[in-house]
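User: I've got this one open in the viewer and want to know what's behind the labels. Can you take me through them?

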Amino acid sequence: MLLALVIFVVGVLLIGFWVAGIYNNLVRLRNNRENAFANIDVQLKQRHDLIPQLVATVKGYAEHERELLIRVTEARSAAMNATGINDRIAAENQLSSALAGLKVSLEAYPELKANQNFLQLQQEISDIENKLAATRRYFNTATRELNNSVQTFPSNILAGMFGFQREPMFEVPKADRAEYDKAPEIKF
């Protein structure tokens, strides 16, 4: 009788430790994803701080491109005011599209491309975009690990019980995917 009670208590303790381990892993993965997005925030802050400088530099050369500059400015504002990870992802994708349009438009201004301030800003933005791409990859890796844990057995049982759910990746918007799938056009 005593042996059966000891075995039962040890079994309950083992199951308790196992459940606690799975729960703690889910929490660690969720926190890792949130930390990864915080790293994206650091790069986005730098990006948002540089955009007004870039727009001011370009305005002097491209006064008739006002609509494009307004779009970039509005997209930056929307990105800075977005709340929640999913809203921020959508707003940042919109800003990326606006910046890509600005880059294409600037090809028509050879004197601007030679301006030292513009070159420095363009280099800084390019550097931030590269760092942003790296932090987005890390964010997506953290999201994938969380999603794998949330969706695989047996952790999916506990994930559902404690409100953990599948989270979205930081992806190219479907509307822009066709543009990114095309090969770049190179002209000389």
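User: Why is Val9 called partly exposed?

Analyst: Val9 has a relative accessibility of 39%. On this scale buried means under 20% relative accessible area, exposed means over 50%, and partly exposed is what sits in between, using a 1.4 Å probe and protein chains only. So 39% puts Val9 in the in-between class. Val9 belongs to helix 1; helices here are DSSP runs of H or I with at least four residues, strands are E runs of at least two, and both are numbered from the N terminus.

User: What should I keep in mind about the model itself?

Analyst: It's a predicted model, so local features need pLDDT of at least 70 and side-chain atom pairs count only at pLDDT 80 or more, while totals for chains, interfaces and linings use all residues. Residues are numbered from 1 along each chain as its sequence is written, and side-chain values use heavy atoms, with hydrogens and water left out.

User: Which residues make the nonpolar surface patch?

Analyst: Leu2, Leu5, Val6, Phe8, Val9, Val10, Val12, Leu13, Leu14 and Phe17 make it, covering about 1,000 Å². Nonpolar side chains (Val, Leu, Ile, Met, Phe, Trp, Tyr) are joined within 5 Å, and like charges within 9 Å. With its 39%, Val9 clears the area requirement. Accessible areas come from the Shrake-Rupley method with a 1.4 Å probe, and for residues only the protein chains shown count as cover.

User: How many aromatic pairs are there?

Analyst: The count is 5. In one of them, the ring centres of Tyr23 and Phe162 are 4.7 Å apart and the planes stand at 65 degrees, so the pair is edge-to-face. The rule: rings of Phe, Tyr and Trp (its six-membered ring) pair if their centres lie within 6.5 Å; planes under 30 degrees apart are stacked, over 60 edge-to-face, the rest tilted.

User: What does that pair tie together?

Analyst: Tyr23 lies in helix 1 (residues 2–61) and Phe162 in the loop between helix 6 (155–161) and helix 7 (174–181), so the pair links parts that are 139 residues apart in sequence. Both count as partly exposed, Tyr23 at 31% and Phe162 at 43%.

Tyr23 also pairs with Phe164, at 5.9 Å centre to centre and 75 degrees between the planes, which is edge-to-face. Phe164 sits in the loop between helix 6 and helix 7, so this pair bridges 141 residues of sequence. At 8% relative accessibility, Phe164 counts as buried. Ring pairs link Tyr23, Phe162 and Phe164 into a cluster.

User: Which residues touch the most other members of the largest nonpolar core?

Analyst: Ile51, Val72, Leu95 and Leu102, out of 18 residues. Helix 1, helix 2 (66–81), helix 3 and helix 5 each supply at least two residues of this core. What makes it a core is the rule: buried Ala, Val, Leu, Ile, Met, Phe, Trp, Tyr and Cys residues joined through side-chain atoms within 4.5 Å. Val72 touches Ile51, Val55, Leu95, Ala98, Leu99 and Leu102, leaving out residues up to four places away in sequence; a contact means heavy atoms within 4.5 Å.

User: Why do Ser96 and Ser155 count as buried?

Analyst: Ser96 has 14% relative accessibility and Ser155 has 8%, so each falls below the buried cut-off. Ser96 is in helix 3 (residues 85–106) and, beyond its sequence neighbours up to four places away, touches Arg47 and Arg136.

User: What makes the bond between Phe153 and Pro154 worth a look?

Analyst: It's a cis peptide bond, with omega about 5 degrees. Most peptide bonds are trans. Pro154 sits in the loop between helix 5 (116–151) and helix 6.

User: How many helices and strands does the protein have?

Analyst: It has 7 helices and 0 strands. Of its 188 residues, 34% count as buried.

Key
Patch = residues over 30% accessible without salt bridge, like charges linked within 9 Å, V, L, I, M, F, W, Y side chains within 5 Å. Salt bridge = Lys/Arg side-chain N within 4 Å of Asp/Glu carboxyl O.
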